[in-house]
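Have a go at each task before reading its solution.

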Amino acid sequence: MCHQTLIGRSLQAALLCWLLFLLGLVGSLAHAQAPAQEQAVTRTARDAQLKWGPCPPFLPKGCSIAVLHGDPAKDNVDVFFKVPAKSTIPLHWHTSAERMVLVAGELHVTYDGQKAAVLRSGTYAYGPAKRPHKGYCASAVPCVLFIAFESPLDAVPIESTEK
């Protein structure tokens, strides 16, 4: 009786190992036949392949945006935002938080209730969702800012109350 129980257990263990092996094999084959993953991307602000488009009309003339990754109408979009030298970015806000790195120029950014921050090439900045802010490209060259938006891309102007 004891002999049959040991044989039964050994058979169960062997079957379980065989089943796990088959599941692993099937999973490997399914992964190997899966459609190609999305491609990795690298871009510089001077990349000739970038497609620069216009900014919303309230932003300075000559302003442009290039989508680096994602769809501006959907979550998680990355862009380059370029404004001409010595230009002012009027007070506005975004539905999304912004994660930014200045790529070129010198940009002065002021968020409501905070002191102005001076961004130089390589500076990281975080802007909370719906927090009004304005900017000034203080350099002699255009300011280029990399921005990662969590929500679809928007920019809502705030009408100035100054007369």
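## Exercise 1: Around Ala-129

Leaving aside neighbours within four places in sequence, Ala-129 is in contact with His-94, Thr-95, Ser-96 and Ala-97. Keep in mind throughout that this is a predicted model.

**Task.** Locate Ala-129, classify its accessibility, and find how far apart Ala-129 and Ala-97 are in sequence and in space.

**Solution.** 
- Step 1: Ala-129 sits in the loop between E8 and strand E9 (133–137).
- Step 2: The relative accessibility of Ala-129 is 40%, so this residue counts as partly exposed; the class runs between the cut-offs of 20% and 50%.
- Step 3: In sequence, Ala-129 and Ala-97 are 32 residues apart, yet their C-alpha atoms are 3.9 Å apart in space.

## Exercise 2: The surroundings of His-92

**Task.** Work out which strand holds His-92, and which polar atoms its side chain meets.

**Solution.** 
- Step 1: Strand E4 (residues 88–93) contains His-92.
- Step 2: His-92 counts as buried because its relative accessibility is 6%.
- Step 3: A polar atom of the His-92 side chain lies 2.8 Å from the backbone oxygen of Pro-90. The side chains of His-92 and His-94 are joined by a polar contact of 3.2 Å.
- Step 4: Contacts of His-92 beyond four places in sequence include Phe-58, Arg-131, Pro-132 and His-133. Also among them are Ala-155, Val-156, Pro-157 and Ile-158.

## Exercise 3: Order in the open sheet

**Task.** In what order do the six strands of the open sheet run, and which strands stand at the edges?

**Solution.** 
- Step 1: Six of the strands form an open sheet in the order E1-E2-E3-E10-E5-E8, with antiparallel pairing.
- Step 2: The edges are strand E1 (52–54) and strand E8 (124–127); each has a single partner strand, so one side of each is left without a neighbour in the sheet.
- Step 3: On average, neighbouring strands of this sheet are turned by 30° against each other, direction ignored.
- Step 4: For a closer look at one pairing, E5 and E8 run antiparallel over four bridges. Glu-98 has Gly-127 as its bridge partner in E8.

## Exercise 4: A hairpin and its turn

**Task.** Describe how E6 and E7 pair, then find which residue between them takes a positive phi.

**Solution.** 
- Step 1: E6 and strand E7 (residues 117–120) are paired in the antiparallel sense over four bridges. Val-109 has Ala-117 as its bridge partner in E7.
- Step 2: Five residues lie between the strands of this hairpin, and Gly-113 has a positive phi near 80°.
- Step 3: Now compare residues that are not glycine. Most residues other than glycine have a negative phi. Lys-86, in the loop between E3 and E4, has a positive phi of about 60°.
- Step 4: Lys-130 also has a positive phi of about 60°. This residue lies in the loop between E8 and E9 and counts as exposed at 53% relative accessibility.

## Exercise 5: The nonpolar cores

**Solution.** 
- Step 1: The largest nonpolar core has 21 residues; Phe-81, Val-83, Leu-107, Leu-119, Leu-145 and Ile-147 have the most contacts inside it.
- Step 2: At least two core residues come from each of strand E3 (77–83), strand E5 (98–104), strand E6 (106–111) and strand E10 (143–149).
- Step 3: Take Leu-107 as an example: its contacts beyond four places in sequence include Ile-89, Leu-102, Leu-119, Tyr-136 and Leu-145.
- Step 4: A second, separate core has six residues, among them Ala-45, Leu-50, Leu-68 and Val-144.

Notes. Residues are numbered from 1 along each chain as its sequence is written. This is a predicted model: local features need pLDDT of at least 70, side-chain atom pairs count only at pLDDT 80 or more; totals for chains, interfaces and linings use all residues. Side-chain values use heavy atoms; hydrogens and water are left out. Buried means under 20% relative accessible area, exposed over 50%, partly exposed in between (1.4 Å probe, protein chains only). A polar contact is a pair of N or O atoms within 3.5 Å; within protein, one must be able to donate a hydrogen and the other to accept it, and residues adjacent in sequence count only if both atoms are side-chain atoms. Contact means heavy atoms within 4.5 Å. A nonpolar core is a set of buried Ala, Val, Leu, Ile, Met, Phe, Trp, Tyr and Cys residues joined through side-chain atoms within 4.5 Å. Two strands pair if DSSP finds at least two bridges between them. Axes are lines fitted to C-alpha atoms, for helices over the stretch in contact, and angles run from 0 to 180 degrees between N-to-C directions.
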